[in-house]
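Please find below some notes for a colleague who is meeting this structure for the first time.

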Amino acid sequence: MPRSIEITFTCPCGASFSDTVYQAVNVTLDPRLLYRLLAGTLNVATCPNCGRKAESAQPFVYHDMRRGLFAYVSPRETVDQDEREALLAELRKVYVLAVQQSEHVLHRRDRAEEPPRPTVRRTRPGDELAAKIEPEAPPMQVIFGVGQLAALVDSLLEPEEKLGKVALSARNAGTAARERLRAVAGHIAAQAQCDIMAEEDADTYTVWIYGPRARVNTLAAALGTHA
Ligand SMILES: [Zn+2]
């Protein structure tokens with residue numbers, strides 16, 4: 001199973017477009033995904049025609065190896081008994097994938113650095129199930145609701161690691177000017193390993209550059225604006 005899949009969305013406005021939906025989110029391997037989670041853009045597709053947003057209902061595995069967070073996340077906050085059974089079946093599938101990925105990276109690190117240290121296991125919800133599936137895997141939590149996950153992740157961050165945003169905006173901009181602004185913001189963001197999201201509000205078009213606060217503050221200072 002791939003870490004992400006392309007899904008085709010059909011918008012109420014009639015437009016059809018495809019976007020990436022992550023099934024395994026490993027923020028140690030791909031740190032930008034952590035900030036997409038905090039900014040509310042992870043697994044949220046935006047229609048290129050009308051700007052409507054569509055949240056994916058697909059569950060995913062979230063893994064932060066450095067901060068010791070390993071979770072199975074169901075986007076919806078509540079599930080009934082039938083859905084729970086289906087969810088657990090899906091969980092067994094994705095869990096194996098995530099374990100393989102992290103073991104691959106950990107083995108690579110072990111070879112490069114020092115011999116593996118014994119790990120301290122903490123008991124968490126989902127442990128019992130996780131232990132049955134893969135006894136050597138890190139403890140896993142089961143989280144309902146992307147908002148719950150975002151709150152937990154945010155609580156683990158140092159102040160300078162928290163979400164920072166800086167806005168580039170234009171008033172009464174035509175299509176060409178908007179595309180230019182978006183391209184410029186995208187270029188700046190890519191160089192700083194940050195992401196962008198666009199917003200329309202009456203006559204103002206805004207492109208937010210977001211990422212770790214320390215990096216965004218540096219960007220904002222260089223751009224002569226406030227983060
Ligand atoms: Zn649309």
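1. Two residues are taken to be in contact if their C-beta atoms, placed from the backbone, lie within 7 Å. By that criterion, and leaving aside its neighbours within four places in sequence, Ile 209 is in contact with Val 166, Ala 185, Ile 188, Ala 189, Cys 194, Ile 196, Val 216 and Leu 219.

2. The model is a predicted one, in which local features need pLDDT of at least 70 and side-chain atom pairs count only at pLDDT 80 or more, whereas totals for chains, interfaces and linings use all residues. Residues are numbered from 1 along each chain as its sequence is written. As for pLDDT, this is the predictor's confidence in each residue, from 0 to 100; its mean over the chain is 84, and 83% of the residues reach 70 or more. Confidence is highest in H1, at 97, and lowest in helix H3 (residues 127-133), at a mean of 51. Where pLDDT is low, the predicted coordinates should not be read in detail.

3. The chain holds six helices and eleven strands, where helices (H or I, at least four residues) and strands (E, at least two) are DSSP runs, numbered from the N terminus. Among contacts between residues at least 6 apart in sequence, 57% join residues at least 24 apart. Buried residues make up 23% of the 227 residues in the chain; a residue is buried if 20 or more other C-beta atoms lie within 10 Å of its own, exposed if 12 or fewer, and partly exposed in between, with the C-beta atoms placed from the backbone.

4. An open sheet of mixed pairing is formed by four strands in the order S3-S6-S7-S8, two strands being counted as paired if DSSP finds at least two bridges between them. Its edge strands are strand S3 (24-26) and S8, each of which pairs on one side only. Neighbouring strands of this sheet are turned by 25° against each other on average, direction ignored; here axes are lines fitted to C-alpha atoms, for helices over the stretch in contact, and angles run from 0 to 180 degrees between N-to-C directions.

5. Within this sheet, strand S7 (residues 69-74) is mostly covered, with six of its six residues buried. Leu 69, Ala 71 and Val 73 point one way from the strand, while Phe 70, Tyr 72 and Ser 74 point the other way. Strand S6 (residues 60-64) pairs with S7 in the antiparallel sense over five bridges, and Tyr 62 has Ala 71 as its bridge partner in S7. In the hairpin of these two strands, which has four residues between them, Gly 68 takes a positive phi near 65°. S7 and strand S8 (residues 141-144) run parallel and are joined by four bridges; Ala 71 stands opposite Gln 141 in S8, and Ser 74 has Phe 144 as its bridge partner there.

6. Which residues touch the most other members of the largest nonpolar core? Of its 38 residues, they are Val 25, Val 61, Tyr 62, Ala 71, Val 73, Leu 149 and Ile 209. Domain 1 (4-155) and domain 2 (160-223) both give residues to this core, so it lies between them. A nonpolar core is a set of buried Ala, Val, Leu, Ile, Met, Phe, Trp, Tyr and Cys residues joined through C-beta atoms within 7 Å, and the domain bounds come from an automatic or database domain assignment.

7. Six of the eight residues of helix H1 (residues 32-39) are buried, so the helix is largely enclosed by the rest of the structure. The buried residues are Leu 33, Leu 34, Tyr 35, Arg 36, Leu 37 and Leu 38, and what covers them includes strand S2 (16-22), S3, helix H4 (146-155), strand S9 (163-171), strand S10 (195-201) and strand S11 (204-212). Just after H1, Gly 40 takes a positive phi of about 80°.

8. Three strands form an open antiparallel sheet in the order S9-S11-S10, with S9 and S10 as the edge strands, each pairing on one side only. Seven bridges join S10 to S11, and the bridge partner of Ile 196 in S11 is Ile 209. Helix H5 (residues 175-191) lies across S9, S10 and S11, running at about 10° to S11.

9. Arg 182 has its place in helix H5 and is partly exposed, with 16 other C-beta atoms within 10 Å. Not counting residues up to four places away in sequence, Arg 182 touches Ala 198 and Val 207. Arg 182 and Tyr 205 are 23 residues apart in sequence and 9.6 Å apart in space, C-alpha to C-alpha.
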